Amino acid sequence: MDTGKKESTSFSKGLLQSEELYQYILETSVYPREPEPLKELRDVTATHPRAVMATAPDAGQLIAMLLKLINAKRTIEVGVFTGYSLLLTALTIPEDGKIVAIDLNREAYEIGLPVIRRAGVEKKIDFIESEALPVLDQLLEDPGNENGFDFAFIDADKINYWNYHERLMKLVKVGGIVVYDNTLWGGTVAMPEGCTPERMREGRQRSLQLNGLLAADPRVQISLAPLGDGITICRRLH
């Protein structure tokens with residue numbers, strides 16, 4: 001394996017039994033298929049003090065496949081950071097596709113923006129610097145947006161995941177897909193609370209609540225995939 005690449009691009013996001021096994025997956029099937037702009041953005045993001053917030057490349061690979069499988073054209077992204085998953089989506093959807101991308105912090109987005117521009121996909125992105133709930137509510141004020149989106153990716157404030165879900169069940173069409181990131185919260189969802197580091201306890205509780213609600217929601221078919229920090233894939237049924 002290329003140890004130089006490992007040091008600069010691995011954020012230890014895997015939940016597998018060993019870091020070596022996770023690196024094997026990345027080096028064997030993820031990195032060789034990763035488009036050059038995504039590699040560049042991943043390297044740029046690796047120097048950021050909060051690089052762990054970036055979408056894991058193995059999770060990104062599955063997201064790209066989901067986008068292709070449903071022929072996604074209109075998408076929503078809540079939580080952008082430097083834009084790895086945003087760029088991935090923009091590279092995957094058609095030339096006339098559009099992404100509503102929402103984040104409170106444009107500064108982090110600006111880090112990845114030069115890479116996005118060089119990739120020639122900035123025109124597909126409508127970046128909105130804002131809290132997400134008001135933007136989603138505004139989208140719902142237009143009846144044309146109901147059932148008008150094919151896909152959504154959520155990687156933001158965990159306290160509002162269910163609030164986002166309720167709105168996305170109106171915005172994303174039947175047969176469309178919503179993906180939630182960090183639903184295994186570093187594996188702590190399977191730990192007793194007393195064994196969970198103090199700094200992770202609130203997120204653990206939020207994740208447990210969300211996972212229970214999604215599992216009981218008859219509106220969606222779900223799959224919780226142990227990629228990255230855990231991603232829950234929801235296909236809207238009705």
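Colleague: What are the conventions of the model?

Modeller: The model is predicted, so local features need pLDDT of at least 70 and side-chain atom pairs count only at pLDDT 80 or more, whereas totals for chains, interfaces and linings use all residues. Residues are numbered from 1 along each chain as its sequence is written, and side-chain values use heavy atoms, with hydrogens and water left out.

Colleague: Why is α3 called roughly antiparallel to α5?

Modeller: Helix α3 (residues 36-46) and helix α5 (residues 84-92) pack at an angle of about 175 degrees, and their axes are 10 Å apart. Angles under 35 degrees count as roughly parallel, over 145 as roughly antiparallel, 65 to 115 as roughly perpendicular, and the rest as oblique. The helices α3 and α5 are therefore roughly antiparallel. The axes are lines fitted to C-alpha atoms, for helices over the stretch in contact, and the angles run from 0 to 180 degrees between N-to-C directions. Helices (H or I, at least four residues) and strands (E, at least two) are DSSP runs, numbered from the N terminus.

Colleague: Which residues of α3 and α5 meet?

Modeller: P37, L38, L41 and R42 in α3 meet Y84, L87, L88 and L91 in α5, where contact means heavy atoms within 4.5 Å.

Colleague: What makes α5 mostly covered?

Modeller: Eight of the nine residues of α5 are buried. They are Y84, S85, L86, L87, L88, T89, A90 and T92. Buried means under 20% relative accessible area, exposed over 50%, and partly exposed in between, with a 1.4 Å probe and protein chains only. S85 in particular, placed in helix α5, has a relative accessible area of 4% and is therefore buried. S85 touches T55, E77 and F153, not counting residues up to four places away in sequence. The C-alpha atoms of S85 and P197, which are 112 residues apart along the chain, are separated by 28 Å.

Colleague: Why is D155 called buried?

Modeller: The relative accessibility of D155 is 15%, so D155 counts as buried. D155 lies in the loop between β4 (149-154) and α8 (161-171). Leaving aside residues up to four places away in sequence, D155 touches M53, T55, V78, G79, Y161, D181 and N182.

Colleague: How do you know that D155 forms a salt bridge with K158?

Modeller: The closest N and O atoms of D155 and K158 are 3.4 Å apart. A salt bridge is a side-chain nitrogen of Lys or Arg within 4 Å of a carboxyl oxygen of Asp or Glu, so the pair qualifies. Both D155 and K158 are buried.

Colleague: What links E40 with R118, and where do the two residues lie?

Modeller: Their side chains meet in a salt bridge, at 2.3 Å from N to O. The pair links distant parts of the chain, with E40 in helix α3 and R118 in helix α6 (residues 106-118), 78 residues apart. E40 has a relative accessible area of 32% and is therefore partly exposed, whereas R118, with 57%, is exposed.

Colleague: What makes the pair of E166 and R219 a tie between parts of the chain?

Modeller: The side chains of E166 and R219 meet in a salt bridge of 3.0 Å, N to O. E166 lies in helix α8 and R219 in the loop between α9 and β6 (220-225), so the pair ties together parts that are 53 residues apart in sequence. E166, at 30% relative accessibility, counts as partly exposed.

Colleague: How many salt bridges does a search of the whole structure find?

Modeller: The search finds 15 salt bridges. E95, K123 and K124 are linked in a network of salt bridges.
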